[in-house]
Amino acid sequence: MKKHIWNSSRYTSQGETTDTLVDINKDGVPELVVQYPNGNKYGVVVYTYKKGKVVRMTSKKGYIGISSVRQQKGKKYLVLQWTQSRQSTGYDVYQMKGTKLKRVYRYTYKYESLGEPVTADDVKFTIEAIMDPENGSENAPNYEDVEEINVIDDHTVAFKLEDKNVAFLDYMTMAVLPKHLLEGEDMQTSDFFRSPVGTGPYKIESWDEGQAITLVKNEDYFKGEPSIDKIVFKIVPDDNAKALQLKSGELDLALLTPKDAAAFADDEAYTCYDMKTSDYRGIMFNFGNEYWQKNRDLIPAVCYGLDRQAIIDAVLLGQGMPAYGPLQRNIYNYEDVEHYDYNPEKAKEILEAAGCEMGDDGFYYRDGEKVGFVISVSAGDQVRIDMAQIAAQELKEIGMDVSVEIPAQTDWAGQMAFLIGWGSPFDADDHTYKVFGTDKGANYSGYSNADVDKYLTEARQSADPEVRAEAYANFQKALAEDPAYAMICYIDANYVADSNIKGIDPDTIMGHHGVGIFWNVADWTIE
């Protein structure tokens, strides 16, 4: 068996920009002010362009670089070479356009050490990076019980936990980061994450930003050389475009909407994989929003006002199941809780019991304000958009003025509600403790419930299945009594592949966003 070693990588990125970086100075001379990477900081250097020559005027923070002017096809280009860190260097190309100089390309080269061994120091470095609040990792709650990490030798690391955490071994499957490449780097901006180095079956060859990421097989992979030489991940944000590109042969495998996947079902050239997932959808309420601080007691009415099966039938073509809690695909699911089955009359009873009165326009009012809210949905996810629109219409029918918006960027703090997706096929602690626990890393709703916190903590601190089952049952009852989300459904993952691809495991329970299909990609073949 081969040892784990970091694969080598020479990464080149190329991107076009129209940022104007130069203008005429007060003396009428084109002057270039370059803000360049310098380790974890940025330095500044000022150049002037005179008679075909570049003259460096000022420099701060130790800029290391050379400059030159090159002429190609009658056009003059300024080329600046820079050094970001020990592993990264590159150069920018600027072109004179009238009295302005614009950067037209940036090339980045990243060289990594060949065959460096993966050691216990890398493991310690990785977990400490996740735990560091400065890095803002949503996975930090998984390791909050870690009190001390001690490296025993190159192959042994010891963790001392402040409290028990039965899911800890699951969380130790986290991908390991190379300390020798990332130590001292800014985890938010480091160029490493555009050219990651790991020990898996494939390594990155190139990244064409916004277009594609190309991987080539890692011949030194510790479990043996993969069968497929190269895999290109095309970036196709639009769901409809993915189906069209799969049909044209531009793609060989894609995760499609149920409606798009159905078009391939009778075509022998393709294989459809309708895979079960732990991935659920629901309406997440922003409890930091003043509206829900005043109207939290109306959330059960929202839950009763959703016809989940109708949404599944219309959007998912019947694929999926109604959701009432976050653990329905888990061994610790507890069914004896309120499911909030569709009951529009009960929804209206809750509204009226809370003092809401029906207005002439068909909507309820409370204290003179119309009852309703806006559901935000991520752009490009047609399934979520369709779900939100149907849910909004169903809630209007019970007298709540609900609408849908598709913002260019999610505003977690400012939005009223969001069509959320979560779910994990692993230990029940995953996607519960950090999602519903007060102030935890993935609790984007600001939800807080003392009983929920108590039972989730009890469940993670016991290895006894009976104790955990009772704790998770109590957690699910508490959550159902005080919903963080209006649950909608669990979805299936509809993958469609060229029938020549062999080795895909159709029985794996997928995670959030259908993640997990590539777990055995090293064994795939193309006939």
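A salt bridge here is a side-chain nitrogen of Lys or Arg within 4 Å of a carboxyl oxygen of Asp or Glu. The structure holds 21 of them, and this briefing walks you through a few. Please keep in mind that this is a predicted model, where local features need pLDDT of at least 70, side-chain atom pairs count only at pLDDT 80 or more, and totals for chains, interfaces and linings use all residues. Residues are numbered from 1 along each chain as its sequence is written, and side-chain values use heavy atoms, leaving out hydrogens and water.

**A link between distant parts of the chain**

- K440 pairs with E144 in a salt bridge, with 3.1 Å between the closest N and O atoms.
- These partners are 296 residues apart: K440 sits in the loop between α11 (433-436) and α12 (450-460), and E144 in the loop between α1 (120-131) and β10 (146-153).
- Helices (H or I, at least four residues) and strands (E, at least two) are DSSP runs, numbered from the N terminus.
- K440 has a relative accessible area of 22% and is partly exposed; E144 is partly exposed at 31%.
- Partly exposed falls between buried (under 20% relative accessible area) and exposed (over 50%), using a 1.4 Å probe and protein chains only.

**A strand-to-strand pair**

- E205 and K230 form a salt bridge at 3.3 Å, N to O.
- E205 belongs to strand β12 (residues 202-208) and K230 to strand β14 (residues 230-234), so the bridge ties together parts 25 residues apart in sequence.
- E205 is partly exposed at 36%, and K230 is partly exposed at 44%.

- D361 meets K370 in a salt bridge at 3.6 Å, N to O.
- D361 is partly exposed at 39%, as is K370 at 34%.
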